[in-house]
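Reader: I would like to go through this model feature by feature, taking the general idea before the particular case. Could we begin with the overall division of the chain and then turn to local details?

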Amino acid sequence: MDDLETLAGAIRSADTAAALTGAGISAPSGVPTFRGDDGVWEHFDEGQFTYGRFRRDPEGFWEDRLDLQEAMFGEEYEPNAAHEALAAMERDGHLEAVLTQNTDGLHRDAAAAVRGDEPGDPNAKADGTVLELHGNARRVRCADCGRRREGDPIFERAADGELPPTCDCGGVYKPDVVLFGERLPGAVIQRAQSLARESDAFLAIGSSLVVEPAASLPRVAARNGATVGIVNLESTPCDDDADVVRREDVTEVLPELRGLLESK
Ligand SMILES: [Zn+2]
């Protein structure tokens with residue numbers, strides 16, 4: 001049997017299935033990567049973007065953050081065929097959730113697009129279908145009251161000189177991402193880990209699977225009996241634990257997988 005059919009069969013018969021994604025799914029949309037050749041961290045000093053600096057020097061932090069934001073999201077990006085295939089698989093009940101290491105918000109855009117919704121309220125409770133393990137760089141969150149807002153108007157205020165930008169409550173806004181030295185969002189991570197344990201089929205898409213806590217999720221899933229599929233251009237440390245490994249373009253493999261799920 002073709003290996004993608006094996007995977008489709010496992011997803012079809014699974015009580016619970018989930019997908020984890022990394023930078024490799026957004027690269028075809030043109031989103032710059034943080035690491036690797038010409039990655040964002042080749043041009044910016046990671047040490048300036050720590051949680052400690054945000055607390056100590058929010059003005060300087062925001063000044064530098066605006067440059068980083070421009071480098072990352074100065075252009076608008078659209079979800080690609082791989083985001084769309086996963087969103088459709090989730091909508092159609094094949095996937096319980098999409099877990100992502102990315103902060104570009106493209107999975108949420110794709111989910112809204114396949115459902116015909118407007119992009120969601122940034123304060124809506126995570127509906128459990130897109131779990132952003134490292135947050136969302138297109139939003140900000142008040143460091144005091146926790147209120148979330150769309151980032152663009154706040155980034156504009158900061159660019160116009162409001163440094164640091166502040167919430168109505170007086171608290172300082174923080175990009176709604178996990179900064180270096182900041183704790184990961186506990187509830188989201190726990191949900192991701194329990195999904196990995198419960199899944200009968202687990203996909204890892206476009207992730208090099210080296211950054212924790214996401215890196216160990218496929219192995220957790222495999223250990224708990226899941227059929228694991230990995231799609232990534234390069235090899236990963238989890239390849240030996242996977243049932244199906246495709247070193248191919250995610251924008252080709254995911255629509256193909258979705259097509260197989262549709263065909264039966
Ligand atoms: Zn506030």
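This is a predicted model: local features need pLDDT of at least 70, side-chain atom pairs count only at pLDDT 80 or more; totals for chains, interfaces and linings use all residues.

Author: The protein chain is divided into domain 1, made of 1–31 + 79–134 + 179–264, and domain 2, made of 32–76 + 140–177.

Reader: How far apart do the C-alpha centres of domain 1 and domain 2 lie, and how many residues from each take part in the contact?

Author: The C-alpha centres of the two domains are 27 Å apart, and the contact draws on 13 residues from domain 1 and 20 residues from domain 2. About 1,400 Å² is buried between domain 1 and domain 2, with carbon and sulfur atoms giving 63% of that area.

Reader: Let us turn to the metal. Which residues coordinate the zinc ion, and how are its donors spaced along the chain?

Author: The zinc ion is held by the SG atoms of Cys142, Cys145, Cys167 and Cys169, at 2.3 to 2.4 Å, and these donors follow the spacing C-x2-C-x21-C-x1-C along the chain. Because Cys145 lies in the loop between β4 (135–142) and β5 (148–150), while Cys169 lies in the loop between α8 (151–159) and β6 (173–177), the pair ties together parts that are 24 residues apart in sequence.

Reader: Now a helix. How many residues of α6 are buried, and which are they?

Author: In general, an α-helix has 3.6 residues a turn, so residues three or four places apart point the same way. Helix α6, residues 81–91, is mostly covered, with eight of its 11 residues buried; these are Ala82, His83, Ala85, Leu86, Ala87, Ala88, Met89 and Glu90.

Reader: What is found at the start of α6, and what follows the helix?

Author: At the start of α6, a side-chain oxygen of Asn80 comes to within 2.8 Å of the backbone nitrogen of Ala82, and the helix is followed by Gly93, whose phi is positive, near 85 degrees. Asn80 belongs to the loop between α5 (58–73) and α6, and it is buried, with a relative accessible area of 9%. The side chain of Asn80 also reaches the backbone oxygen of Ile25 at 2.8 Å, and, if residues up to four places away in sequence are not counted, Asn80 touches Ile25, Ser26, Pro28, Ser29 and Thr251.

Reader: Which side chain does Gln101 join in a polar contact?

Author: The side chains of Gln101 and Ser207 are joined by a polar contact of 2.7 Å, and the side chain of Gln101 reaches the backbone oxygen of Val211 at 3.5 Å. Gln101, in the loop between β2 (97–100) and α7 (106–115), is buried, with a relative accessible area of 13%.

Reader: Finally, the backbone: which residues does a cis peptide bond join, and where does Leu209 lie?

Author: A cis peptide bond joins Leu163 and Pro164, with omega about -5 degrees, and Pro164 lies in the loop between α8 and β6. The peptide bond from Glu212 to Pro213 is cis, with omega near 5 degrees, and Pro213 is placed in the loop between β7 (201–205) and α10 (217–223). Leu209 lies in the loop between β7 and α10; its phi is near 55 degrees, a positive value in a residue other than glycine, and Leu209 is buried, with a relative accessible area of 3%.

Conventions
Residues are numbered from 1 along each chain as its sequence is written. Side-chain values use heavy atoms; hydrogens and water are left out. Donors are N, O and S atoms within 2.8 Å of the metal (3.2 Å for Na, K and Ca); water is not among the atoms, so sites may look incomplete. Helices (H or I, at least four residues) and strands (E, at least two) are DSSP runs, numbered from the N terminus. Buried means under 20% relative accessible area, exposed over 50%, partly exposed in between (1.4 Å probe, protein chains only). A polar contact is a pair of N or O atoms within 3.5 Å; within protein, one must be able to donate a hydrogen and the other to accept it, and residues adjacent in sequence count only if both atoms are side-chain atoms. Domain bounds come from an automatic or database domain assignment. Contact means heavy atoms within 4.5 Å. Buried area is the accessible area (1.4 Å probe) that two parts lose on being put together, summed over both.
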